[in-house]
Amino acid sequence: MLVWPEMRRHGQSAVRGDSRTINMQKRHSKRSGKKSDAITTRGAVGVSTGGTATLTDARLKAEIERCEYCAEKPCREACPCDCSPADFMMAARNGALRDFKRAAALILGNNPLGGVCGIVCPDRFCMKACVRAGIDRPVNIPAVQAAIVRRAHAAGTLPGQGRRDNEGAVSGPGNSLFAGSTSGGKKVAIIGAGPAGLGAAAVLARLGYAVDVFDSRKKPGGMTNLIPRSRLADKAVRDDLKFIGSLGHINLRTNRVADAGLLRGRYDAVVVAAGLDSPLRPAIRGQELAVAWTDYLGEPDRFNVKNKRVGIIGGGAVAVDCAVTACEHGAAHVELFALERLGEMPLTAVEFGDLLKHGIHVSGRTSVVSISARGRGHGGSRAGNPRSGIRPLSLRLCKVALKKGMKFHPRNMTPLPGTGQTWRDVDCVIVAIGSRGSTPVEKLEGVFYVGDLVNGPTTVVEAVAAGKNAALSVDSFIRGTSAPTISLGKGSGGVSLLPPAGGRGQGEGGNLPEKATKSRVVLAGRRMLPVPIDADFFGRKIPSPFLLSAAPPSDGYDQMRKAYEAGWAGGVMKTAFDNLPIHIPSEYMFALTPSTYGNCDNVSGHSLDRVCREVDRLVKEFPDRLTIASTGGPVSGNDDADMRVWQSNTKKLESAGAMGIEYSLSCPQGGDGTKGDIVSQDPELTAKIIGWVMEASNSDVPSLFKLTAAVTSIFPIIAAIKEVFARYPHKKAGVTLANTFPALAFRNPSRERGRAADGRGSRDTGHGTRRHGDAETRGHGAPETADQRRDRQKAARDAVGGSSSCRPGSSQFALGSSDFRVPTSDFHLSWERGVVVGMSGEGVLPISFLTLANVSRLGVVVSGNGGVMDYKGAADFLALGARTVQFCTIVMKYGYGIIEELCSGLSWLMEERGFRSVDELVGCASRAPGPIVPFMELPSLKKISAVDEKLCVHCGNCTRCPYMAISLDREKTPETDPAKCIGCSICAQKCVAGALYMRDRTIDEIALLSES
């Protein structure tokens, strides 16, 4: 079983030899000797490709769908490179190639080593911050990130092999995620091709600098080259390096030892990212007989440990790396000698798991006193190769104890007298206790020291962040602008990261660096909108075709302002009326499924005068956005009185400056005793009311009339509307389709009563009365008397039987009896309460599709509404002929910020399909051969289900096939009978593992199927 790749911490490359930078003492002080409390997935993760664990499609989908897309995005705040898992998982949610491409752009735009970091990042950053950790378990964010980047590479989205010149310099061919970059003539040298150096190179290249990266080793990548290949495949490193090479003028000079002082004369600035390149040596006798961990992990094949006994000094991540590598190379016995106890070792859950998986022995609270050579091997003959580090050795050991009352630190350990012992059977000793920097840090103008050299041991992702921040400092120094403020980590030695000149400190996000290892810099030129998505609303240009619908997210100035600031092109303010009492029930929202909502309100509680004031303010403050108001009027049967209200409301909103007015002609959840809930189900009534509005409306203010899909046929409604529109050819008008859909939802009143009965508090009855057991009280007073209760109930019935309304002209609440509307303590039901609601969200999307398809060729302007929960649904609305798309449920579920995902997704989809503008997309599905394929024209040649045995989890659920076409073999793998399978495809659609799929039948299989 393949194990999820180890999430580890390591440092940066060096000028004179790369080095892993896990200084056990420093890192332990950072983590206080505690294990990570995040849950790391092990086992059943997926299949293996080149040594890198992968997620299956089903597992990737499941992890992505667990993301809550939190408003606070704590996962982004926890990421040193400021990657936003919430955003890149939302981008990848639909699973199309274009989605992985733009998700990769989100990742790599913040972290150019995003593929590597997805594999090696520890679980103490984004995973520890994931809110799901407080619910069940955190989303496996690093695994998802690695899978997204890997898929983007595999699809050829990211660049191929870079170009190499005659001197060995490599530069990339460019990629589709970032706009082209040109050099501004300035040159920067970077010493060290590790994570920090590469992070700096990526940012500088995107800013237009020509960058030369020098590294003393043959392979770039720094510390990533010292991670066991079983956890981090070479291909993953190469892919990220290719991407970085594609970002601009980056020349990689390997096998080059560079000096910062000499380079400064040839370059406008120099970045030194040399890392901690000198392995630490313990103060023990005979240490020259041991192998440095950097040498061993750098070239493990040079040390033949097969069938040998290996001792490793150290208890940190690099010690585990050495131990795992030795086991994978056939060592007979591997043992760690650590000052820590097992529970104190600063390891992740995966690293602890590796100790168990490989049967690695751990001797805690043990100090190695000396190493000595022995003259003979295990069998008495001379053996070993001193040059390769393999020879018969002996270790002198003793036990140690932690000083009482002190936290763990090597200097707080004391030897225990009389505990000395000798381990004679050892063939190789590896010292793995960390490293230090050998590059002197000097105060030279224009020379920047960055990464672990000044910050101390960090992780790959922190090193990349440090490199990005250093690039800002370099840019500001060369430009002569003010410097960003960057706080240094421990171990900087008091040397400032910044030279005297300072820096600009602005990335795409516009945020200054907070500290050396946290960077919000975004690579310049990231193409999140490859195709423009500006749209047209009756001749007015708007930034996108996406609007808020008349709903809670648009119910007032504050909501609309927040939406505009988030990037929404416009919105329809919630429907308001003039001088009418409005009834909005308590708890009127229903979450029918995670993405299907219902509501039993339909209008705003705000007066039309207030809405007019807010419209005026919004139009003045946001003249580039489309501020639309929504209203309606009574349908009492008194046409003269009703008409005056509809026309008066129109004039008021036009005078306030509304850029458009939407009229509510349908109320799926209403029921006002007149025809108010069925206006748009009646062609003649619809035409009459639209005629009133069109007669009085200003020709410069577009009118939208909101209809319903709850009709047997939409054609008579549209035909009647078109006749009215034809009488006013100079006026701008259209319809909104298809609104919420009428449905019934149940609410269990005993749920609230049960809370009090269970001792979890009391419930509010809605009239200031609280129920405690069998007694009712008013506020903090004595129990209510019978007379008081009767008076209160009568007053409540009188109140709700009066002028409250759902819509103008209503005389009672939708569901009738006052008893229903007044849940007193005396009221009991034998069944859950049924509430008529307007259903919205993905549950009504197919209904909206059909309604739009039926209207698409009828020649009216349509604003699509009802059911869209992602950019693909919105694109389908546009393709069916809608010119704008209105949203409600998706905003209530994910917040106003979802607009960035909608816009990005639409733009990438348009690029993939070859559309150059929204105008080209609008109505494309209504053109030949048409948006709807008649039933009799569907192909009848049946496909057959098949299975990918590698993905099958042998659950047997596929045997529920209604045609009894699937059975299980001895290994419980499905087999399909071609004589019974009629190709309905439900098995493939519902396979939880994604193992079943549909394929074409062979000639023989076609002959076997007989439906007669």
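Guide: Asn307 sits in the loop that runs between helix α12 (293-298) and strand β11 (309-313), and since this is a predicted model, what follows describes computed coordinates. The backbone of Asn307 has a phi near 60 degrees, which is a positive value in a residue other than glycine. Its relative accessibility is 58%, and because exposed means over 50%, Asn307 counts as exposed.

Phe538 is not a glycine, and yet its phi is positive, at about 50 degrees. This residue belongs to the loop between β21 (535-537) and β22 (540-542). Phe538 has a relative accessible area of 17%, and because buried means under 20%, Phe538 is buried.

Another backbone feature is found at a peptide bond. The bond from Leu737 to Ala738 is cis, and its omega is near 15 degrees. Ala738 lies in strand β30, which covers residues 733-738.

From here one can turn to strand β31 (741-747), which is an edge strand of a sheet. That sheet is open and has 4 strands in the order β25-β26-β34-β31, with antiparallel pairing. The other edge strand is β25 (589-593), and each of these two edge strands pairs on one side only. From one strand to the next, the twist averages 45 degrees. In general, the strands of a sheet pair through backbone hydrogen bonds, in either a parallel or an antiparallel sense. Here, β31 pairs with β34 (residues 833-841) in the antiparallel sense, over 7 bridges, and within β34 it is Val836 that stands opposite Leu744.

Pro581 is found between β24 (570-572) and β25, in the loop. With a relative accessible area of 39%, Pro581 is partly exposed. Pro581 and Ser607 are 26 residues apart in sequence, while their C-alpha atoms are 9.1 Å apart in space.

Phe477 has its place in helix α16, which spans residues 460-479, and at 12% relative accessibility Phe477 counts as buried. Along the chain, Phe477 and Asp268 are 209 residues apart, and their C-alpha atoms are separated by 9.2 Å.

The protein chain has 31 helices and 40 strands, and buried residues make up 57% of its 1012 residues. Among contacts with a separation of 6 or more, 74% are accounted for by residues 24 or more positions apart. The chain exposes about 42,100 Å², of which carbon and sulfur atoms supply 50%.

Definitions and conventions:
Residues are numbered from 1 along each chain as its sequence is written. This is a predicted model: local features need pLDDT of at least 70, side-chain atom pairs count only at pLDDT 80 or more; totals for chains, interfaces and linings use all residues. Side-chain values use heavy atoms; hydrogens and water are left out. Buried means under 20% relative accessible area, exposed over 50%, partly exposed in between (1.4 Å probe, protein chains only). Contact means heavy atoms within 4.5 Å. Accessible areas come from the Shrake-Rupley method with a 1.4 Å probe; for residues, only the protein chains shown count as cover. Two strands pair if DSSP finds at least two bridges between them. Axes are lines fitted to C-alpha atoms, for helices over the stretch in contact, and angles run from 0 to 180 degrees between N-to-C directions.
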